[in-house]
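Dear colleague,

I am handing over a structure that will be new to you, and below it you will find my notes. Please read them with the structure open beside you.

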Amino acid sequence: MTERPLLAAANVETARRAQAEFGLCDACLGRRFGKVDTGLTNEQRGALLREAAGAPQVSPPSCFVCQGLAAETDLLAQAAIDALSPYEHRHFLVGTRVDPAIEARDAEVNAALGTAATAERIQAELNRETGKKVAARTGKAVDFKAPDLAAVVDTRFLDAELQHGGLCVFGRYRKLDRTIPQTRWPCRRCQGKGCVECHETGKQYATSVEELVAAPFLAASGATEESFHGAGREDIDARTLGTGRPFILELKDPRVRTLDLSVFPALVKEGSGGRVEVAELRLAPKAEIAAIKEHRGGKTYRALVRFEAAVPAAALRGAADALRGQAVQQRTPQRVEHRRADLVRERRVLDVQVEEHEGERATLLIRGDAGLYIKELVSGDEGRTEPSLSGLLGVGAKVAELDIVEVEYEPPAETAPAS
Ligand SMILES: [Zn+2]
Ligand SMILES: [Zn+2]
């Protein structure tokens with residue numbers, strides 16, 4: 001036993017001084033050496049040192065530092081369990097709030113004994129020991145990174161504050177309607193408070209993809225709030241077809257976490273009157289929200305183009321060939337100028353195919369970098385996009401209808417789907 005680094009002569013002498021000058025319970029004594037000798041609790045460390053120093057045992061309520069708190073982890077665990085148990089969860093995390101006066105006395109002892117470098121903080125000890133007891137009593141595991149539920153126990157009042165981990169659902173949505181925006185859009189006039197102009201709804205548009213997708217999820221999970229994160233967004237008048245656009249629906253404060261995702265495609269389709277569909281639903285780690293938002297994958301569009309005059313087939317083919325693989329300089333379009341910084345961006349046109357063409361109208365399939373403005377690529381936006389289809393043909397051209405048919409997205413490896 002004397003081989004233990006914990007029982008080095010200097011440590012035993014420090015323990016003797018600690019008991020003579022302050023009088024600490026075993027846990028608070030052992031905590032001075034929390035970083036020495038792994039595999040022991042602080043209470044065990046303290047008992048070993050106290051015995052080696054031949055110093056008297058101090059009962060927790062008489063401890064200079066904690067005045068009994070270090071021995072109260074059973075009570076802390078019970079407070080955490082009371083808070084956690086009404087809610088469905090697979091794993092949890094326990095945190096504690098400690099009276100600042102206790103932390104101050106703890107620091108005072110370390111300063112006097114020179115043990116600041118080897119000591120553990122009392123809060124760290126309480127978090128760990130309480131977590132162990134909750135796990136042992138409930139059979140649930142501690143998760144430090146993304147727990148379903150976290151309980152923060154205030155050690156003075158033995159009450160716990162609960163934090164529900166959000167629930168993230170990944171999917172792809174199809175928008176089959178040219179009148180709804182992707183996300184809830186507050187009324188421009190009242191900023192969401194409700195006014196005459198928006199018929200007291202607070203909204204610029206009656207509904208959105210976000211609201212139509214979220215409704216059944218909010219109902220089933222009992223979540224209080226949601227956030228909708230799309231991999232880019234389409235213009236209100238553009239449909240999103242094909243396999244749809246990736247999104248993550250973040251449900252906040254969900255009371256129910258085990259959702260049968262297979263029922264939601266039908267619920268969304270029905271609830272939206274067929275305007276919105278979802279597919280490929282799965283639970284996602286929260287970290288994937290960033291991947292979705294920073295998504296820079298290519299996109300493919302189908303554009304119905306109307307020309308101001310009939311265009312010969314060979315000329316249209318020639319213009320499509322010229323744009324294929326071309327880097328395009330796009331100054332911020334006039335139609336979004338009021339909400340975006342005015343600057344020139346370079347985006348690549350990856351492919352252009354003529355699907356149909358008849359005189360003054362054509363259907364084009366255009367694949368481009370994320371952020372390529374398709375309407376402006378076609379019209380030229382009065383010289384702000386260069387080159388453009390209109391510029392190459394020498395004829396005015398306009399997108400009459402636009403559909404997104406593919407949004408390329410690869411979930412990042414480090415955020416592989418949560419099981
Ligand atoms: Zn103590
Ligand atoms: Zn309003």
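Which residue in β12 does Gln353 stand opposite? Gln353 stands opposite Leu365 in β12.

Before going further, please note that this is a predicted model, in which local features need pLDDT of at least 70 and side-chain atom pairs count only at pLDDT 80 or more, while totals for chains, interfaces and linings use all residues. Residues are numbered from 1 along each chain as its sequence is written, and chains are lettered from A and ligands numbered from 1 in the order in which they are written.

To begin with the strands (DSSP runs of E, at least two residues, numbered from the N terminus, as are helices, which are runs of H or I of at least four residues), β11 (residues 344-358) and β12 (residues 361-368) pair in the antiparallel sense over 8 bridges, where pairing requires that DSSP finds at least two bridges between two strands. The hairpin of β11 and β12 has 2 residues between the strands, and Gly359 there takes a positive phi near 60 degrees. β11 is also joined by 5 bridges to β10 (residues 327-331), again in an antiparallel arrangement, and within that pairing Ala327 has Arg348 of β11 as its bridge partner.

Turning to the helices, the axes of α4 (residues 73-84) and α6 (residues 122-138) come within 9 Å and cross at roughly 60 degrees, axes being lines fitted to C-alpha atoms, for helices over the stretch in contact, with angles running from 0 to 180 degrees between N-to-C directions. α4 and α6 are therefore oblique to each other (angles under 35 degrees count as roughly parallel, over 145 as roughly antiparallel, 65 to 115 as roughly perpendicular and the rest as oblique). By class, the contact of α4 with α6 has 6 nonpolar, 3 polar and 4 charged residues (Ala, Val, Leu, Ile, Met, Phe, Trp, Tyr, Cys and Pro count as nonpolar, Asp, Glu, Lys and Arg as charged, and the others, Gly among them, as polar).

For α7 (residues 209-221) and α8 (residues 264-271), the axes come within 9 Å and cross at roughly 125 degrees, so this pair is oblique as well. Leu212, Val213, Ala215, Pro216 and Phe217 in α7 meet Phe264, Leu267, Val268 and Gly271 in α8, contact meaning that C-beta atoms, placed from the backbone, lie within 7 Å. The residues of this contact divide into 8 nonpolar, 1 polar and no charged.

How values were computed. Two residues are in contact if their C-beta atoms, placed from the backbone, lie within 7 Å.
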